[in-house]
Amino acid sequence: MKSFLITNVIPFILQLVVRFIYITNKKVFYHPKINEDESHVVAFWHGELLMQSFNYQKLKPNNKVSAMISQHKDGETLARTVEYLGIHSLRGSSSRGAAKVLISAIKEIKCGNDIAITPDGPRGPRYSVADGIVAISKKTNAKILVFNCKPSKYWQFKSWDKFIVPKPFGTLEFFIQEPLDISGLEMEEAKKLIKEKMFLNAMK
């Protein structure tokens, strides 16, 4: 019964709540012009992930994106929830299933699809950038698209990522930066640049 709730009932309810929040907010999009035929690595902070499926679909309504989601139990609920919102999932993280999910991510990009990743997930520390996003970008030559979402009204959890839930009847500002090319940078240089770009429109 508990497993059924985690994998079916709770995700269905959660996606309805997310859709309600989105529908009742005014939306403002700040998006660059991109080549939709190119595959990208999509990056956003773990605490800002709730509304990013809508940010992606506005930019690339006809493309497939797969999110890298933890194999922990809470990851199952998240994976099922985002599937309702049009995002596929690759299960694994830096701590569990890292090699498998890295290979799967590279395959997805080489098939012409996009990959979404939270560089500070699944357990932080907040606003850190793990090696995975750099490795995927370099091995596939896919540029990085940095996503942010800033709600005018929101609740903020006391979790490690300070998770943000926008309130209904406000304004959602969606940001995507120009594609970031890190092909000529060393690992630490690339991580530093990604972090700087992700901070530009981040919720503090």
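A salt bridge is counted where a side-chain nitrogen of Lys or Arg lies within 4 Å of a carboxyl oxygen of Asp or Glu. Across the whole structure, the search finds four salt bridges. The model is predicted: local features need pLDDT of at least 70 and side-chain atom pairs count only at pLDDT 80 or more, while totals for chains, interfaces and linings use all residues. Residues are numbered from 1 along each chain as its sequence is written, and side-chain values use heavy atoms, leaving out hydrogens and water.

**Asp114 and Lys60**
- A salt bridge joins the side chains of Asp114 and Lys60, at 2.9 Å from N to O.
- This pair links distant parts of the chain, 54 residues apart: Asp114 is in strand β5 (residues 114-117) and Lys60 in the loop between α2 (52-59) and β3 (65-69). Helices (H or I, at least four residues) and strands (E, at least two) are DSSP runs, numbered from the N terminus.
- Both Asp114 and Lys60 are buried. Buried means under 20% relative accessible area, exposed over 50%, and partly exposed in between (1.4 Å probe, protein chains only).

**Lys64 and Glu108**
- The closest N and O atoms of the Lys64–Glu108 salt bridge are 3.5 Å apart.
- Lys64 counts as partly exposed because its relative accessibility is 32%, whereas Glu108, at 16%, counts as buried.

**Lys191 and Glu188**
- Lys191 and Glu188 form a salt bridge, with 3.6 Å between the closest N and O atoms.
- Both residues lie in helix α6 (residues 187-199), three residues apart, about one turn of the helix.
- Salt bridges with shared partners join Asp131, Glu188 and Lys191 into one network.
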